[in-house]
Amino acid sequence: MGGEVQYDRVRAIELRDGAVYLLDQRVLPSEVRYEVCQDATQVASAITDMVVRGAPAIGVTAAYGVVLAAASAFGAAGPQWRPAMAADMERLRRSRPTAVNLHWALARMEEVMERLGPDDPTAAMTAAATRLHADDIEANRRMGALGAALLPAQARLLTHCNTGALATGGYGTALGVVRAAAARNGVAAVYADETRPWLQGARLTAWELVTEGLPATILADGAAGALLKRGDIDAVLVGADRIAANGDTANKIGTYGLAVLARHHGVPFYVVAPTSTIDRACKDGSGIPIEERDPLEVLAFRGVRHSPEQAQAWNPVFDVTPAALVDALITEAGVVEHPDARGIAALFERVGR
Ligand code: MRU
């Protein structure tokens, strides 16, 4: 089992020898180790536990999870493989609530399943998942080029969370724009919010940047206002987990505050996301489910509690930035300036969807 996907340096998700290999993002960069998922249940747990994270990466991983589910359903039920997959599909669907790419990927795999007969579906499903993975990388490269064209030479950029090769099929969304800008006109500085409590910025974005030989300056999330006030940032670039039909954008907690700060200081705020992140069934941000995780993620660090035992924590892991604060939405299908319902509908019309 397994197809050919053209990777950049980081191979974070791979289907090989009937298993899904995931670069464990909980321990990077101090350890580079892979978690091997032998079945769809293990894939779903890996998504829930954030072995793999980032909306597009979750979608790609779920698609490979469907391949494992199909192979095992055929092994158990033969020609009746399709109904035998139901429980696995449901487990994958419930693995994380906010990233709509998960549902998009499962729907795309289901479309392929519908067209198959009673024979072993494994090869066809593998081909479909591999194609979905390759398409994601291709979309990222396109967004990279479109986004880089919006930035000045030697730009000074600020980003939040991790939106790079680790968070996607490869290359990255907002971090893909950083990569493309660096190749095109150079970047003078890349500031990465540390991104409490999982430190996706301090661990993962910083690791990707230094691995590529790009400048990396980490700041505490609360320092972003002071940095923007100094006038040292040309643009803020972030990814998205789900974008409503009107452009309201759910992304890593802290994004909303960053968007308010960027607007206050007159700095452009760009959302970079593939069209698979746009949920057209969701009218506005109020309809986006926001994941809340274990309070211990905030009260403790790596199992060591730093807050008083009596203290509680609120741990929403995403927030919604109103579309009015987004200067442009950069997708593989084009750039929507000042996104709103009309602009997003026109984007889909242009590409015939
Ligand atoms: O909780 P995470 O790490 O999965 O959150 C990830 C983000 O919020 C990213 O910004 C988003 O998924 C876009 S990744 C290209």
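Helix H2 (55-77) and strand S9 (249-252) each supply at least two residues of the lining of the largest cavity; helices (H or I, at least four residues) and strands (E, at least two) are DSSP runs, numbered from the N terminus. The volume of this cavity is about 160 Å³. Among its 19 lining residues, Arg53, Gly54, Ala55, Asn162 and Asp241 are the closest to the centre. The lining comprises seven nonpolar, eight polar and four charged residues, where Ala, Val, Leu, Ile, Met, Phe, Trp, Tyr, Cys and Pro count as nonpolar, Asp, Glu, Lys and Arg as charged, and the others, Gly among them, as polar. The largest cavity lies between domain 1 (3-138) and domain 2 (150-350), because both give residues to its lining; the domain bounds come from an automatic or database domain assignment.

The model is predicted, and local features need pLDDT of at least 70, side-chain atom pairs count only at pLDDT 80 or more, while totals for chains, interfaces and linings use all residues. Residues are numbered from 1 along each chain as its sequence is written, and side-chain values use heavy atoms, with hydrogens and water left out.

Three cavities of 30 Å³ or more are present in the structure. On a 1 Å grid over the protein atoms alone, a cavity is a set of points where a 1.4 Å probe fits but cannot get out, and a pocket is an open set with protein on both sides within 12 Å along at least five of seven lines; lining residues have an atom within 4 Å of a point. Grid points are joined across faces, edges and corners, and a volume is the space filled by probe spheres set on the points.

The second largest cavity is lined by Pro56, Gly59, Val60, Asn101, Trp104, Leu132, Asp136 and Ser276. Two or more of these residues come from each of H2, helix H5 (101-114) and helix H6 (122-148), with H2 giving the most, three residues.

| Space | Volume | Lining by class |
|---|---|---|
| Second largest cavity | about 40 Å³ | four nonpolar, three polar, one charged |
| Largest pocket | about 290 Å³ | five nonpolar, one polar, five charged |
| Second largest pocket | about 180 Å³ | four nonpolar, two polar, six charged |

Arg26, Pro197, Trp198, Arg203, Asp294, Leu296, Glu297, Ala300, Phe301, Arg302 and Gly303 line the largest pocket. Helix H11 (296-299) and strand S12 (300-301) each provide at least two of the lining residues.

The lining of the second largest pocket includes Trp104, Arg108, Asp135, Pro274, Glu332 and Arg353. H5 and H6 are the elements that give two or more residues to this lining, and H6 has the largest share, five residues. Domain 1 and domain 2 both contribute to the lining, so the second largest pocket lies between them.

There are 18 residues around the ligand, of which Arg53, Ala55, Asp241, Asn251 and Lys252 come nearest; a residue is near a molecule or strand if one of its heavy atoms lies within 4 Å of it. An oxygen atom of the ligand is 2.6 Å from a side-chain N or O atom of Asn251. For a polar side-chain atom of Asp241, the distance to a ligand oxygen atom is 2.8 Å. A polar backbone atom of Gly54 is 3.0 Å from an oxygen atom of the ligand. The protein covers 100% of the 420 Å² of accessible area that the ligand has on its own, with areas from the Shrake-Rupley method and a 1.4 Å probe.

How values were computed
A polar contact is a pair of N or O atoms within 3.5 Å; within protein, one must be able to donate a hydrogen and the other to accept it, and residues adjacent in sequence count only if both atoms are side-chain atoms.
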